[in-house]
Amino acid sequence: MNNNGLKNIKLDSLIIGAGFSGLYQLIALRNRLGFSTKILEAGNGIGGTWYWNRYPGARCDSESHSYNYYFDDELLDEWQWSERYPGQEEIIKYLNYVVEKFDLNKDIYFNSRVLSAHYDQQKNKWLVVTENGQRFECTYLIAAVGCLDNSSSIIPKFSGLENFKGDWYHTGNWPHEGVDFKGKRVGQIGTGSTGIQTAPIIAETASHLTVFQRNPNFSVPASNRPLNSDFQKYLRENREKIKKMIQSNTNGHPFLFSECKIFDVSEEEREEIFERAWENGGLSFRGCFQDIAFDKKANDMAVDFLKRKIRSIVKNPEKAKVLTNMDHVFGTKRPPIDTNYFETFNRDNVSLVDVKSSPIESIIPKGIKTKKEEYELDILVFATGFDAMTGPLLNIDIQGLDGKKLRDIWKDGPKTFLGIQIAGFPNLFTITGPGSPSVLCNMIVPIEQHVEWIEKCLGYMKKNNINYIEATQGSMKKWVEHNEDVVNETLFIHGKEHSWYFGANIPGKPRVFMPYAGGMGRYKAICNDVARQNYIGFKLGNNDKGKTYIPPKLSVDILVEDVLMTKKL
Ligand code: N01
């Protein structure tokens with residue numbers, strides 16, 4: 001009984017979030033380990049980030065044949081994607097198919113946003129309370145909240161928004177009934193992956209679209225297309241190879257990174273390689289030379305190529321100048337891919353406002369006021385991003401041992417062991433949390449890996465009559481240091497003042513590189529190593545003498561293994 005005289009619902013494990021990770025975790029814990037398990041989901045349906053992000057043009061930038069679960073052959077046999085990149089609606093359709101197939105709905109509580117999760121030391125239980133007053137008691141709590149959830153969407157603090165006479169929306173919380181732009185003057189703020197996807201579609205129906213751009217972004221054509229029967233046949237025949245490749249390479253995507261360095265080829269060959277990569281489209285452009293992500297001079301060559309491409313597409317030289325005025329290193333911000341983004345600026349009904357040189361001063365009743373001018377608008381679209389990775393967790397009041405709050409423990413930036421656990425928070429697991437490869441990968445790959453690692457860990461504990469697991473302070477410290485070491489070897493480090501990977505989009509957020517930059521293949525090998533050594537780096541059972549896990553020095557072996565693996569395809 002709790003204070004209100006209501007019964008707590010008692011469970012072995014409780015999962016927060018019904019996106020890709022939460023749904024698969026339910027299958028793993030309920031169907032395979034036999035745990036009593038439920039999911040608490042804030043939305044009124046499944047899909048996580050795809051449930052909320054249904055803005056026009058919402059589409060995944062991972063190729064569809066890698067953006068599905070690989071754990072079940074039958075499911076793989078049954079499902080066929082229709083396009084090279086899956087659109088939001090098709091992703092939801094896919095997940096509904098999974099929910100039906102594995103009979104998941106009966107164990108999901110919808111409209112159940114979690115407000116707090118407190119660890120009770122006496123009982124070794126997590127007490128979880130939702131916005132609508134439901135209370136749960138569980139031994140294991142799995143935060144499958146995603147990296148960019150709806151609670152963490154950001155609307156910059158512009159004064160006057162409350163007086164705006166028209167309608168306004170954040171792309172990460174898009175109305176399910178859609179928005180009719182017909183005949184409307186639309187103002188879009190933000191040109192990240194989201195803004196770049198949505199602008200071309202809004203421009204098709206709006207009477208006028210004004211894009212307010214602070215920093216321009218690089219973008220490569222997605223080259224999206226329907227998947228034909230030849231490709232479906234290729235998938236059927238090569239499934240195991242593709243699976244092996246995406247699960248062991250650096251970023252979980254189904255393509256090869258070139259071994260060729262940019263200055264090892266002639267200028268002519270370099271141009272040809274860039275052209276081919278541009279034509280092929282998508283995120284693989286980053287991998288057309290081996291050193292784009294590591295060598296600033298190589299990166300500059302890619303920047304030069306990409307800027308020339310933009311200039312060749314955008315007819316108005318003033319617009320082209322504003323669209324190519326980047327001051328970040330290519331790839332240090334998540335590189336978007338697009339369908340007709342730059343072409344959109346050739347339309348008569350699209351204008352571009354450079355709010356870097358003339359910042360937005362306020363929202364006024366009839367539109368937006370920048371330092372230079374006023375713009376009359378009927379609808380505002382905020383494509384202004386998220387308090388990524390930490391936001392979804394810190395928006396819940398999480399308290400661990402001795403009532404310590406996660407918000408306090410992470411005030412100088414997130415600290416985890418493997419991105420899976422946090423010292424001081426026993427039996428709490430995070431899927432694709434800070435300190436794991438997560439957003440640097442095709443997300444489904446780290447999701448499956450985490451879910452299965454957690455499953456294996458809890459299976460081991462069950463078998464050995466253990467019901468307490470906590471990362472040690474020592475392991476967490478070593479892991480944080482290891483994370484810093486690996487990111488320092490990459491060009492990501494140049495994104496400190498530009499990229500949400502570093503929290504740079506949130507005023508006052510500590511500048512800590514949040515994902516693990518050492519590559520998925522290496523990360524997975526480390527996680528397996530920890531498990532093989534009976535969960536070294538964690539305290540288990542009643543033994544409070546957990547040994548610190550020392551991450552191996554950056555070894556090239558795993559990378560070499562990656563390359564060999566990818567070469568086989
Ligand atoms: O958000 P963002 P997003 N005044 O933070 C601008 C994933 N995703 O929603 O660059 C004016 O990238 C800000 O400007 P600046 C993907 O991981 C995936 O687009 O800070 N402008 C920027 O242009 C992605 O990285 C897919 O100067 C302001 C924009 O808002 C992540 O989600 C699709 C401003 C925010 O860009 C987030 O992408 C979509 C202000 N005060 C998203 N504040 C796919 O799979 C912010 N901005 C394809």
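What average pLDDT does the protein chain have, and what share of the residues score at least 70? In this predicted model, the protein chain averages a pLDDT of 94, and 95% of the residues score at least 70.

**View 1. The stretch of residues 555-569, where the pLDDT is below 50.** Beyond near neighbours in sequence, residues 555-569 have 24 contacts in the model. Where pLDDT is low, the predicted coordinates should not be read in detail.

**View 2. The largest nonpolar core, with 84 residues.** The members that touch the most other members of this core are F20, L23, Y69, L418, F429 and W453, while helix α13, spanning residues 444-463, gives the most to the core, with nine residues. Once neighbours within four places in sequence are left aside, Y69 is in contact with G19, F20, L23, Y24, L75, L76, Y94, L95, V98, I444 and E448. Another core, of 46 residues, lies apart from the largest one, and among its members are V220, F274, L352 and I379.

**View 3. An open sheet of five strands with parallel pairing.** The strands follow the order β7-β16-β8-β9-β12. Because β7 (167-170) and β12 (350-354) stand at the edges with a single partner strand each, one side of each is left without a neighbour in the sheet. From one strand to the next, the twist averages 20°. Within the sheet, β8 (residues 185-189) and β9 (residues 208-213) pair in the parallel sense over five bridges, and R185 has H208 in β9 as its bridge partner. Helix α5 (residues 193-205) packs on the sheet, where it touches β8, β9, β12 and β16 (379-382), and the direction of α5 makes about 175° with that of β8.

**View 4. Two hairpins that involve β14: one with β13, the other with β15.** Strand β13 (residues 360-364) pairs with strand β14 (residues 367-370) in the antiparallel sense over four bridges, with S362 opposite K369 and two residues between the strands. Strand β14 also pairs in the antiparallel sense with strand β15 (residues 374-376), here over three bridges; I368 stands opposite Y375, and three residues lie between these two strands.

**View 5. Helix α15, residues 520-532.** The 13 residues of α15 reach 18 Å from the first C-alpha to the last, close to the 18 Å expected at 1.5 Å a residue. Buried residues of this helix are M520, G521, R522, Y523, I526, C527, V530 and A531. Following α15 is N534, whose phi is positive, near 50°.

Note on methods:
Residues numbered from 1 in each chain as written. Predicted model: local features only at pLDDT ≥ 70, side-chain atom pairs only at ≥ 80, totals over all residues. Heavy atoms only, no water. Core = buried A, V, L, I, M, F, W, Y, C linked by side-chain atoms within 4.5 Å. Buried < 20%, exposed > 50% of the residue type's maximum accessible area, 1.4 Å probe, protein only. Contact = heavy atoms within 4.5 Å. pLDDT = per-residue confidence, 0-100. Pairing = 2+ DSSP bridges. Axes fitted to C-alpha atoms, helices over the stretch in contact; angles between N-to-C directions. Expected span 1.5 Å × (residues − 1).
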